[in-house]
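Please consult the sequence and the structure shown below while reading.

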Number of protein chains: 2
Amino acid sequence: MNIGEAAKQSGLPAKTIRYYEEISLVVPGRSDNGYRTYSPTDVHKLQFVQRARGLGFSVEDCRALLSLYEDDHRASADVKAIATEHLSEIEAKIAELKALHKTLKHLVDHCHGDDRPHCPIIDDLAGPDH
Amino acid sequence: MNIGEAAKQSGLPAKTIRYYEEISLVVPGRSDNGYRTYSPTDVHKLQFVQRARGLGFSVEDCRALLSLYEDDHRASADVKAIATEHLSEIEAKIAELKALHKTLKHLVDHCHGDDRPHCPIIDDLAGPDH
DNA sequence: CTTGACCTTCCAGTAACTGGAAGCCTTATG
DNA sequence: CATAAGGCTTCCAGTTACTGGAAGGTCAAG
């Protein structure tokens, strides 16, 4: 099938699918007229990548997961290692955002938000001695 | 003062400070030899940006906040609006990451992580019909 | 006079696409 | 048969916010 149909079936934009070919993530065949040709297997791979990206895995993680997906002799430990690593990155990011949120919420809550210039948010950003 | 000293006082890498000049965020003077010259006011602005970036504001937000910082007739409502918007972006991101975390944690917890190929993580990524 | 620490500019790379231009292929319609 | 529409191609540029590195100018000390 052509790229348009592969896009429909995988849920990925055609642009993204072309990009995935460019970085050798999912490489389709070509028909005589130069059009990309996606086999059902190719579409499965695209769907796989789409789901993995949806879970926040990096494209390089996707590459690794895809090769494990295709490897009948994989060790599930290898998959778990990638996922666990990603999980702790997510946890770290959540913790970071929560800290930011706390600080910012505090500042926002103390800002009158009227037409006068005084503002604790600006004061905080300006630093202690201003 | 030269860029090295401004870097020390602001906590920003010199590279970043040059970048901020390039995008007209904090533009220093120049001395005869072509070196950038940072006044104490410039350094204050750099510190301001450094703090704002630390709170996760985008560089464009920093630009807006900086001009409010310098505007004695600002309305605190304008500052609050930017901060509130940023706050809800943070909240949205946290919610998104928590959802990812939940899904991924579930999968990881059900993966044996041994030398056998069976893996619920891969199964999930592969989709329902595989 | 040379060494070393600073400073300069410019170019390229990062992550993962996304938009747009110019142009070929295929099919349907007048 | 001409053409118009829709899908396909490649290539280039832009996004965010820097970061690394190369080649080379400047300045103070020994």
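## Helix packing in chain B

Is the crossing in which α4(B) passes α5(B) left-handed or right-handed? In this predicted model, the crossing of α4(B) past α5(B) is left-handed. The axes of these two helices cross at roughly 160° and come within 10 Å. Because of that angle, α4(B) is roughly antiparallel to α5(B). On the α4(B) side, the contact is made by Asp61(B), Ala64(B), Leu65(B) and Leu68(B); on the α5(B) side, Asp78(B), Val79(B), Ile82(B) and His86(B) take part. By class, the residues of this contact of α4(B) with α5(B) comprise five nonpolar, one polar and two charged.

A second pair in the chain is formed by α1(B) and α3(B), which pack at an angle of about 45° with their axes 9 Å apart. The angle therefore makes α1(B) oblique to α3(B). Here the crossing is right-handed. From α1(B), the residues Ala6(B), Gln9(B) and Ser10(B) meet Asp42(B), Val43(B), Leu46(B), Gln47(B) and Gln50(B) of α3(B). Three nonpolar, four polar and one charged residues make up the contact of α1(B) with α3(B).

## The contact between chains A and B

Chain B and chain A each bring 48 residues to their contact. On the side of chain B that touches chain A, at least two residues are supplied by each of α3 (40–54), α4 (59–69), α5 (76–109) and α6 (120–126). The element that gives the most to this side is α5(B), with 21 residues. The side of chain B that touches chain A consists of 25 nonpolar, 12 polar and 11 charged residues.

## Symmetry of the two copies

Two copies of a chain are related by a rotation about an axis and a shift along it. For this pair, chain B is superposed on chain A by a rotation of 180° with 0.0 Å of shift along the axis, at an RMSD of 0.1 Å. The two copies are therefore related as by a two-fold rotation axis. Within chain B, Ile94(B) has the C-alpha nearest the axis, at 2.9 Å from it. The same surface serves both copies, since 100% of the contact residues of chain B recur in chain A.

The most is given by α2(A), with three residues. The surface near DNA strand C has six nonpolar, six polar and five charged residues.

## Surface near DNA strand D

Around DNA strand D there are 17 residues, of which Asn2(A), Gly4(A), Arg36(A), Asn33(B) and Ser58(B) come nearest. Two or more residues of this surface come from each of α1 (3–10) and α2 of chain A and from each of α2 and α4 of chain B.

Which element gives the most to the surface near DNA strand D? That element is α2(B), with three residues. By class, the surface near DNA strand D divides into six nonpolar, six polar and five charged residues.

Note on methods. Residues numbered from 1 in each chain as written. Chains lettered and ligands numbered in written order. Predicted model: local features only at pLDDT ≥ 70, side-chain atom pairs only at ≥ 80, totals over all residues. Contact = placed C-beta atoms within 7 Å. Helix = DSSP H or I, 4+ residues; strand = E, 2+ residues; numbered from the N terminus. Nonpolar A, V, L, I, M, F, W, Y, C, P; charged D, E, K, R; others polar. Least-squares fit on C-alpha atoms with pLDDT ≥ 70 in both. Axes fitted to C-alpha atoms, helices over the stretch in contact; angles between N-to-C directions. Parallel < 35°, antiparallel > 145°, perpendicular 65-115°, else oblique. Left-handed = near helix turned anticlockwise from the far one by under 90°. Near = placed C-beta within 6 Å.
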